Amino acid sequence: FSSCDSVDNKIDLIEPEPETPVGCNDCDSLLYQFSINTLGSEIVDEPKIPSTLTIKKGDSTYYAGNIGIEIRGESSQWFDKKSYGFETWDENYQDLNVSLINFPEEEDWILNGPYSDKSLIRNKLIYTLSNLMGMYASKTEFSELTINNDYKGIYIFMEKLKRDKNRINIKKLLETDVDDDLITGGYIIKIDKSDQEDGSYSDFNSFQSKYDVHGNLNGEKIMRFNYEYPKPDDIHSKQKEYIQNYLNLFEDALSSDEFKSSELGYRKYIDEDTFIDFFILNELSNNLDGYRLSTYLTKDRGKKLKIGPIWDFNLSFGNGDYCGGNRFDVWSYKFNDRCLGDNWNIPFWWDRLLEDEAFVIKLKDRWNELRTNILSNENILSLVDSDYSFLKNETDAANKNFNRWKIFGIYIWPNSFIGNSYYEEINFLKEWISYRTLWLDDSINSL
C-alpha cells in the first residue's frame, strides 16, 4: 500500500491482543449454536440427506427438527471447511416453511463457512451495506456449527436467494401464465457458471446473447444467461421466448446509436438505479467475480429489468491474488482487460453505460451521497470493528474457529495477503478499504 501513504492517518488499526479474551463467560450463549446429526450418513454435493438440526442460544431453543442437507459451492467445495445448503423438513421429510432465528419463514437456508476469507466477515459486511442502501441482500447472522459432535467453527447463517415475498419479491410465474398481461414477470436470470453436472450450457437451461463481451454481434466470447426462476423444468417455451426477447431488446438498445435516449435507448428496459448501486457495491469491494458470476437479474410483472441481489463476495476486498484482485487502484468492471484467458467474462454493458453522461452524473451523485453516511469510512470500518470485537473479544468464537482450522501463516487459495493472526487479517481488510475508498473518490468523480 506504499503508493497511498496519505491514508495512513485515516485509519485506527486494531492493536494486537491476547489470544484469550478478558471477561468472556459462557461465550457460547452469545452465538447461535447449530447442531446437526446426519443419522450416520455422509453429507455430499447432492442429493440432500435426511438429518436433524437443533438451533440454540444460551438456554433457548430456536429450532429442533428435520432437515435435508448438502454441500454447496464451486471452488469452495475443495476446502476442508465446507459450506452447506439445507431445507427445513417436516416429520415426513417434506419441505416445511419455518422462521429460523427470527428470519422470515422459508424452507431454503445456507450455512456459509468462511475459510479462505480469514477475516470471516467479507460477505456479511457487503450484504449489510447493500441492505442499508435499500438494495435487498440476504440476511446474515453469525453462528457456530457442530456436525455429529464435530465442531466446525464460525459460520454465516443466511437466506438462500430465491423468489419469495421476503426475499426476491417478484410475482410468482406459473407455467400457464402465457397471456400478455401475465407473461411479463416475474423472472430471475443469472449470469453464472452452468448448474449442469458437466458444466455445459444448453438451450434447456440457458440462452445466449447476440453480443460478445465487447458489444459485437456474433463475436467469439458470447454471454449466456441461466434460467434461475422459473427453473428450466418449469418454464414454458413462450416464457423463454419472452425473457430472451426482452434481454435482446435491452442489449440492442444499449448498443444502438440512440442508446442515451430515454425513449429509444436502454432506459426503456432497465431500472437504472439498481445498476448504479450494483456497480458501486462491486467496485467498493473490487469483487473478482463481480458482474460475470453470481450475478442476478430480475424482471417483475409489468416492470423493468433490475440487477441484483448481490451474491458471493468471498473474493473481494483484496482477497484474491490474480487478475488484479489484490489491488485497490483498478476498476473491477475492467476485469476482461486484465484476464483475457478467463472463461467467464463481464458483459459489454458497463463500458457502454459509462459512455452516457447522464448515467455517470447519477453515479457520481449516488456515490458522493453514500460517502456521507452508509459508505463513509467511519461507518464501514465501524461495522468491521463491531464484527471483530464480537468474534474475538465478546464470544471467543474467532479463537475457537482458528484453533479448529489452523490456517494463519498459510496460503489458502487465492489469498493475496497471509496474516499470522486474526487482528492482522482484520487490519489488512481495514487498510485495504481505506485505500480503496480514497481511490474511488477520485476515480468515480473523474469519470
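Modeller: Y411 counts as partly exposed, because its relative accessibility is 40%. That class lies between buried (under 20% relative accessible area) and exposed (over 50%), with a 1.4 Å probe and protein chains only. The areas come from the Shrake-Rupley method. This is a predicted model: local features need pLDDT of at least 70, side-chain atom pairs count only at pLDDT 80 or more, and totals for chains, interfaces and linings use all residues. Residues are numbered from 1 along each chain as its sequence is written, and side-chain values use heavy atoms, without hydrogens or water.

Y411 sits in the loop between α8 (397-404) and α9 (422-445). Helices here are DSSP runs (H or I, at least four residues), and strands are E runs of at least two, numbered from the N terminus. Together with W413 and I418, Y411 makes a nonpolar surface patch of about 280 Å². Patch residues have over 30% relative accessible area and no salt bridge, and nonpolar side chains (Val, Leu, Ile, Met, Phe, Trp, Tyr) are joined within 5 Å.

Now follow α9. There R436 forms a salt bridge with E283, with 3.2 Å between the closest N and O atoms. The pair ties helix α9 to helix α3, 153 residues apart. Both R436 and E283 are buried. A salt bridge here is a side-chain nitrogen of Lys or Arg within 4 Å of a carboxyl oxygen of Asp or Glu. The count by this rule is 31.

The loop between α3 and β11 (295-299) holds R292. R292 pairs with D342 at 2.9 Å, closest N to O. D342 lies in the loop between α4 (335-338) and α5 (349-353), 50 residues from R292. R292 and D342 are both buried.

Back to α3 for the second largest pocket. α3 (272-285) and β12 (305-307) each supply at least two residues of its lining. The pocket holds about 350 Å³ of space. Of 18 lining residues, Y136, I168, T274, T298 and K306 are the closest to its centre. A pocket is an open set of points on a 1 Å grid where a 1.4 Å probe fits, with protein on both sides within 12 Å along at least five of seven lines; lining residues have an atom within 4 Å of a point. The volume is the space filled by probe spheres set on points joined across faces, edges and corners. The lining has six nonpolar, five polar and seven charged residues. Asp, Glu, Lys and Arg count as charged; Ala, Val, Leu, Ile, Met, Phe, Trp, Tyr, Cys and Pro as nonpolar; the others as polar.

Definitions and conventions
Patch = residues over 30% accessible without salt bridge, like charges linked within 9 Å, V, L, I, M, F, W, Y side chains within 5 Å. Areas by Shrake-Rupley, 256 points an atom, 1.4 Å probe, with all protein chains shown as cover.
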